[in-house]
Each structure stands twice: as C-alpha cells, then as structure tokens.
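Here's a quick briefing to read with the model open in your viewer. Have a look at the structure first, then go through the points by topic.

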Amino acid sequence: MHRIQKLRGPFQHFRSHNNELLQSFALVNNLSTTAGKVIPCKAAVAWEAGKPLVIEDVEVSPPQEKEVRIKIKYSSLCHTDLVYWESKGLPPIFPRILGHEAAGIVESVGKDVSDFKPGDHVLPVFTGQCGECPHCNSEESNMCDLLRINPTREVMISDGKSRFSINGKPVSHFLGTSTFSQYTVVHSGCLAKIDPQAPLDKVCVLSCGITTGLGATLNVAKPNKGSSVAIFGLGAVGLAAAEGARIAGASRIIGIDLNPSKFEQAKIFGVNEFVNPKEHNKPIHEVLTELTNGGVDRSIECTGNINSMISAFEAVHDGWGVTVIVGVPRADAVFKTNPFLFLNERTIKGTVFGNYKPKRDLPTLVNMYMKNELKLEKFITHRVPFSEINRAFDHMIKGQSLRTIIDMEG
C-alpha cells in the first residue's frame with residue numbers, strides 16, 4: 001500500500017498542476033507578442049505607510065542585461081512585507097510594489113542570461129547568487145557581494161531604473177522581487193529554476209521565511225540526533241526551525257512564546273515541550289537550564305527581540321551549546337552578556353536565508369517536498385484572490401495566519 005502511494009504521488013502532482021504546465025507552454029508560444037515589449041498588468045501598490053494596497057494598472061518594462069521577466073502565479077505574505085508596509089522607524093519608500101515570496105513562470109530573458117528560458121518554473125529570492133564573488137565561491141557563505149539583501153534599494157542594479165511605471169511615473173521595487181505584481185523583473189542571480197511538476201501554490205513559501213527557519217537549524221545549528229533544541233518565537237520562521245529540528249532527529253524541541261494559543265499548532269511541527277515566559281518569575285534562560293540539566297544543546301532565536309536573543313544564548317549548555325540568531329533586531333539594539341559564557345565554549349551565530357545558496361539549494365528543497373520529506377501544506381493557513389490581497393495583511397496583523405497564499409490571477 002505504501003509503495004502504491006509513492007508511485008501515485010508524481011502522477012497526482014502532474015494531474016493537479018497540468019494547467020500550470022500548459023500555461024508555461026502558452027507563454028513560450030506567445031513570445032512574439034510580449035518579448036521585448038512593455039507588458040500592462042495589475043499590481044498591488046502601496047501608496048502610503050499602513051494604508052491598504054491598491055490594485056493598479058501598471059506597465060512592466062522588458063528585462064535588461066542579466067534580468068528575467070516573470071509571470072507571477074502565486075505570492076505569499078511574509079512578515080517583512082508587513083514591516084516595510086508599516087514603515088515604522090524605516091525610510092518611507094512609496095509608491096512601492098511589495099512582495100518577495102512567490103513562484104512563477106519565465107516570460108522572457110534579457111541580454112547575457114543563459115541559465116533561464118521562457119517557460120521555466122522559478123522561485124524569485126530576495127538575496128542572490130552571482131556565482132563570481134568570494135562569498136559565492138565559498139562553501140561557508142551565501143551572502144553574495146552583488147546581490148545580498150537590500151530593503152532600501154528601489155531600482156534594478158543594472159541601470160539604476162525601475163521596471164514598473166504608472167502613467168509614465170516610476171514605481172519603486174522591493175527586495176529586487178516585487179512579487180505583488182502579475183509580472184515582475186528580477187536579476188537572474190535572484191532566481192532559482194525548479195521542477196516544473198512542483199505545485200507553485202505550495203513551493204512559493206520556500207522563497208523566504210520557511211527556508212530561513214529550516215536552514216537555521218539544519219545548516220547552522222546542526223543539532224545531533226537525540227539532542228535538545230529551544231525555539232524562541234513560534235511564528236512561521238520559528239515553526240520552520242522546529243521542523244528542521246524534527247527532521248534532524250532532536251528528541252526535545254522546546255517552544256518558547258508569550259502566546260499560549262500557538263502551542264497546539266506547534267505540535268504539528270515537532271514541538272513537544274512549551275514554555276511561556278509570563279508564567280515564570282525567573283529569567284527564561286534559568287528556566288530552560290533547570291529543565292534541561294545545564295542548558296539546551298541548541299537554541300534558535302526567531303523573534304528579533306534583543307532580550308530574547310540574549311536569553312537564547314544564555315540558555316545553551318556550556319562546552320557545546322550553539323545559538324543561532326534569525327530574527328532581525330532594531331537598528332539601535334545592543335547585545336550584552338557575560339563574556340565568560342564564550343570562554344566556557346558557548347557559540348553564537350547568525351544567518352541569512354538559512355545559509356542556503358538560492359540558485360543551488362532551492363531546487364533541492366523543492367525536491368524534498370516532492371518526495372514528501374518536507375511538508376509545506378501545514379504552513380499554509382489561508383488563501384485569498386489577488387483582488388483581496390489586503391485580507392492577507394489583516395490575517396497577519398491579527399495573528400491568524402502562518403502563510404497566506406495569494407492567487408495572482410484571482
């Protein structure tokens with residue numbers, strides 16, 4: 001019975017996503033009418049901080065050197081989109097097209113692009129892999145000199161211009177992706193080609209947060225089988241970190257969060273113990289140290305709160321404990337702890353995108369999903385049509401969602 005299910009899996013994927021394959025063929029056949037030309041389409045534009053996005057008619061220019069134009073099929077909402085939409089304490093860059101977790105199909109390619117062709121199924125990524133810089137040539141880093149994350153850049157790097165316009169006036173890009181548009185232009189180094197059989201409405205969540213949390217555990221913390229792992233913050237990234245701990249074979253996966261309503265959901269991702277700091281009258285690192293007879297083997301911090309970061313580090317065991325910082329703190333935050341903790345052989349590390357090289361590693365994660373080794377469906381809590389994209393923001397603000405999938409044709 002189990003063997004039959006394995007044999008049926010790829011066939012079921014093919015049937016359910018045959019329409020996407022047909023659309024990719026149609027894009028290729030339609031090149032004579034779109035390649036090299038401006039494409040009019042719909043995009044959700046943020047005009048002001050915290051104001052609802054507006055579906056606008058935009059024009060998307062052709063890709064230039066080392067760029068690719070993509071038809072976005074599905075996008076999902078990440079907390080980073082929410083942060084830059086609210087722009088609290090951040091540069092107010094508007095009008096802007098947000099969005100950076102998505103999946104789509106290549107419509108056309110610019111000059112000097114040889115690794116993509118029309119019809120390819122792809123995931124755009126906020127960080128890149130130029131393939132030439134010291135970081136790209138190092139197995140220890142994924143922080144490309146040319147294409148690393150830059151949330152304040154408003155234009156494409158090839159010519160310093162926007163590919164979006166409304167009535168002839170430019171609209172700012174976001175994270176080099178701007179996936180809340182039915183068509184977008186991305187640097188070819190920020191794009192991963194994936195298995196065309198993979199369901200785009202599922203694997204789109206691998207473009208940012210899920211991959212970040214998963215890699216923080218598997219690639220950076222690297223817990224041993226049977227070890228203990230503490231996850232600080234049980235949002236989507238934290239749950240992905242817990243999923244990584246589960247895959248690695250950790251025996252104790254401890255979730256720390258101020259919201260106890262998250263605990264039941266976290267069990268699905270392998271979390272088997274829970275700690276709410278509000279329920280204790282001592283520092284949380286002391287609670288964890290007592291629970292684990294000296295400290296946890298690994299801790300993953302996913303909230304961005306500086307006090308949580310310090311607690312995560314002070315909660316790991318001396319001699320071998322490793323803390324991985326994933327959450328993004330305030331720019332003026334200062335990390336303070338006793339330096340003897342380092343001398344006692346505790347380690348603290350940081351990570352961007354889970355230390356995955358996007359072009360090289362994302363196809364592997366997609367294949368893990370296709371083999372049922374990585375379950376993405378449990379991260380997807382809501383779905384909305386593109387016309388109702390503001391509902392996705394409402395779900396996130398109210399703490400109701402992990403990931404909301406936006407059907408860009410809806």
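This is a predicted model: local features need pLDDT of at least 70, side-chain atom pairs count only at pLDDT 80 or more; totals for chains, interfaces and linings use all residues.

Buried here means under 20% relative accessible area, exposed means over 50%, and partly exposed is anything in between, with a 1.4 Å probe and protein chains only. Residues are numbered from 1 along each chain as its sequence is written, and side-chain values use heavy atoms, leaving out hydrogens and water.

- Thr404 sits in strand E17 (residues 403–407); helices (H or I, at least four residues) and strands (E, at least two) are DSSP runs numbered from the N terminus.
- Skipping neighbours within four places in sequence, Thr404 is in contact (heavy atoms within 4.5 Å) with Ser75, Ser76, Leu77, His382, Arg383, Val384, Ala392 and His395.
- Ser165 belongs to strand E6 (residues 164–166) and is buried too, at 15% relative accessibility.
- With neighbours within four places in sequence set aside, Ser165 is in contact with Val58, Glu59, Pro170 and Val171.
- Asp57 is 108 residues from Ser165 along the chain, and their C-alpha atoms are separated by 9.0 Å.

**Helix packing**

- Helix H4 (residues 79–86) packs against helix H13 (residues 389–397) at an angle of about 100°, with the axes 11 Å apart.
- Those axes are lines fitted to C-alpha atoms, for helices over the stretch in contact, and angles run from 0 to 180 degrees between N-to-C directions.
- H4 and H13 are therefore roughly perpendicular to each other, a label that covers 65 to 115 degrees, with under 35 counting as roughly parallel, over 145 as roughly antiparallel and the rest as oblique.
- H4 brings His79, Asp81, Leu82 and Trp85 to the contact, while H13 brings Phe393, Met396 and Ile397.
- Five of these contact residues are nonpolar, one is polar and one is charged, where Ala, Val, Leu, Ile, Met, Phe, Trp, Tyr, Cys and Pro count as nonpolar, Asp, Glu, Lys and Arg as charged, and the others, Gly among them, as polar.

**Nonpolar cores**

- A nonpolar core is a set of buried Ala, Val, Leu, Ile, Met, Phe, Trp, Tyr and Cys residues joined through side-chain atoms within 4.5 Å.
- The largest one has 101 residues, and Phe180, Val203, Leu206 and Ile300 have the most contacts inside it.
- Helix H7 (residues 236–248) supplies the largest share of this core, six residues.
- Beyond four places in sequence, the contacts of Leu206 include Leu123, Phe353, Leu362 and Leu376.
- There's also a second, separate core of 12 residues, with Ile284, Val287, Leu288 and Val316 among them.

**Salt bridges**

- The whole structure has 23 salt bridges, each a side-chain nitrogen of Lys or Arg within 4 Å of a carboxyl oxygen of Asp or Glu.
- Lys262 and Asp257 form one of them at 3.5 Å, N to O; Lys262 is partly exposed at 27%, whereas Asp257 is buried at 10%.
- Lys267 pairs with Glu264, with the closest N and O atoms 3.2 Å apart; Lys267 is partly exposed at 45% and Glu264 is exposed at 53%.
- Glu290 and Lys282 make a salt bridge with closest N and O atoms 2.8 Å apart, Glu290 being exposed at 55% and Lys282 partly exposed at 31%.
- Elsewhere, salt bridges with shared partners link Glu67, Asp159 and Arg163 into one network.
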